[in-house]
Amino acid sequence: MSRDTDQRRSSPAAQRNAGPLLAVLRQVLPPSGTVLEIASGTGEHAVHFARALPGLRWQPSDPSADARASIAAWAAAERLPNLLPPLALDAAAEDWLDGPVAAILCVNMVHISPWAATEGLMRGAARLLPAGGPLILYGPYRRDGVPTAASNEAFDADLRRRDARWGLRRLEDVVTLAGEHGLTLSRVVEMPANNLTVVLHRRPDGETGSALPVS
């Protein structure tokens, strides 16, 4: 593929956090099944994780046609048998896809989207995940009782200048919303560059209510 026709995009942030995030995914993902990635962006994470976790089928998705073109170009270049074609999927939509998935991953979307996208993410996770299935979120958050890093404060201000509906979310609000959709907080993992990996699981009984408190 020539440089002029190569549609692969690259994100320095995705390259930096792929390794640390993979280390967490190895601990929390099931050994087999389909992982639905919401807001896959450039597609570099999808390639990295599909290559490292061959027992899982990796289903990338993104609402952006340009992002999907990049994902498809990465997939064509890598030719991984467990990396599926990208889906056109808007997290805020009422319906995503028909079949269940073993796990859902969403990296750096919650703060770069309207709150309606997070609401849709929780609805979709409640509908598609099996009992005990994980929803894994990654990105920067505000937390009660924890000072927000200066770099994250600046990032939040920049996001809100770009779109008033964007910005860092309070983790407790995200966990409460998850609880209303039958998802329970399992762990919060400190990550490089003042980010968090947040692991939620669909409750076995499927009941709604408050999730576990953030510790």
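This is a predicted model: local features need pLDDT of at least 70, side-chain atom pairs count only at pLDDT 80 or more; totals for chains, interfaces and linings use all residues.

Visitor: How do the strands of a sheet pair in general?

Guide: Strands pair through hydrogen bonds of the backbone, and the pairing is either parallel or antiparallel. Here, strand 1 (residues 33-38) and strand 3 (residues 103-107) run in the parallel sense and pair over 4 bridges.

Visitor: How many strands form the sheet, and in what order?

Guide: The open sheet is formed by 6 strands, in the order 2-1-3-4-8-7, and its pairing is mixed. Strand 2 (56-59) and strand 7 (183-191) are the edge strands, each pairing on one side only. From one strand to the next, the twist averages 20 degrees.

Visitor: Which strands does helix 1 touch?

Guide: Helix 1 (residues 12-28) packs on the sheet and touches strand 2, strand 3, strand 4 (134-139), strand 7 and strand 8 (195-202). The direction of helix 1 makes about 145 degrees with that of strand 7.

Visitor: And where does helix 2 lie?

Guide: Helix 2 (residues 44-52) lies across strand 1, strand 2 and strand 3. Helix 2 runs at about 175 degrees to strand 2.

Visitor: Let us turn to the rings. What describes a pair of aromatic rings?

Guide: Two values do: the distance of the centres and the angle of the planes. In this structure the count comes to 1 aromatic pair. Phe-49 and Trp-58 form that pair, with 5.5 Å centre to centre and 55 degrees between the planes.

Visitor: Are Phe-49 and Trp-58 buried or exposed?

Guide: Both Phe-49 and Trp-58 are buried.

Visitor: Which residue lies over the face of Trp-74?

Guide: That is Arg-8, which lies at 5.1 Å from the ring centre of Trp-74.

Visitor: Now the charges. How many salt bridges does the count come to?

Guide: The count comes to 14 salt bridges. One of them joins the side chains of Arg-51 and Glu-78, at 2.7 Å from N to O. Arg-51 lies in helix 2 and Glu-78 in helix 3 (residues 65-78), so this pair ties together parts that are 27 residues apart in sequence. Arg-51 is partly exposed, with a relative accessible area of 43%, and Glu-78 is partly exposed as well, at 27%.

Visitor: How many residues apart are Asp-158 and Arg-161 in helix 5?

Guide: They are 3 residues apart in helix 5 (residues 150-162), a separation of about one helical turn. The side chains of Asp-158 and Arg-161 meet in a salt bridge of 3.8 Å, N to O. Asp-158 is partly exposed, with a relative accessible area of 28%, whereas Arg-161 is exposed, at 64%.

Visitor: Which residue does Arg-170 form a salt bridge with?

Guide: Its partner is Asp-173, and the closest N and O atoms of the two are 2.5 Å apart. Arg-170 counts as partly exposed at 32% relative accessibility, and Asp-173 is also partly exposed, at 36%.

Visitor: Which residues do salt bridges with shared partners join into one network?

Guide: Arg-142, Glu-153, Asp-156 and Arg-160 are joined into one network in this way.

Terms used. Residues are numbered from 1 along each chain as its sequence is written. Side-chain values use heavy atoms; hydrogens and water are left out. Two strands pair if DSSP finds at least two bridges between them. Helices (H or I, at least four residues) and strands (E, at least two) are DSSP runs, numbered from the N terminus. Axes are lines fitted to C-alpha atoms, for helices over the stretch in contact, and angles run from 0 to 180 degrees between N-to-C directions. Contact means heavy atoms within 4.5 Å. Rings of Phe, Tyr and Trp (its six-membered ring) pair if their centres lie within 6.5 Å; planes under 30 degrees apart count as stacked, over 60 as edge-to-face and the rest as tilted. Buried means under 20% relative accessible area, exposed over 50%, partly exposed in between (1.4 Å probe, protein chains only). A charge sits over a ring if NZ of Lys or CZ of Arg is within 6 Å of the ring centre and within 35 degrees of the ring normal. A salt bridge is a side-chain nitrogen of Lys or Arg within 4 Å of a carboxyl oxygen of Asp or Glu.
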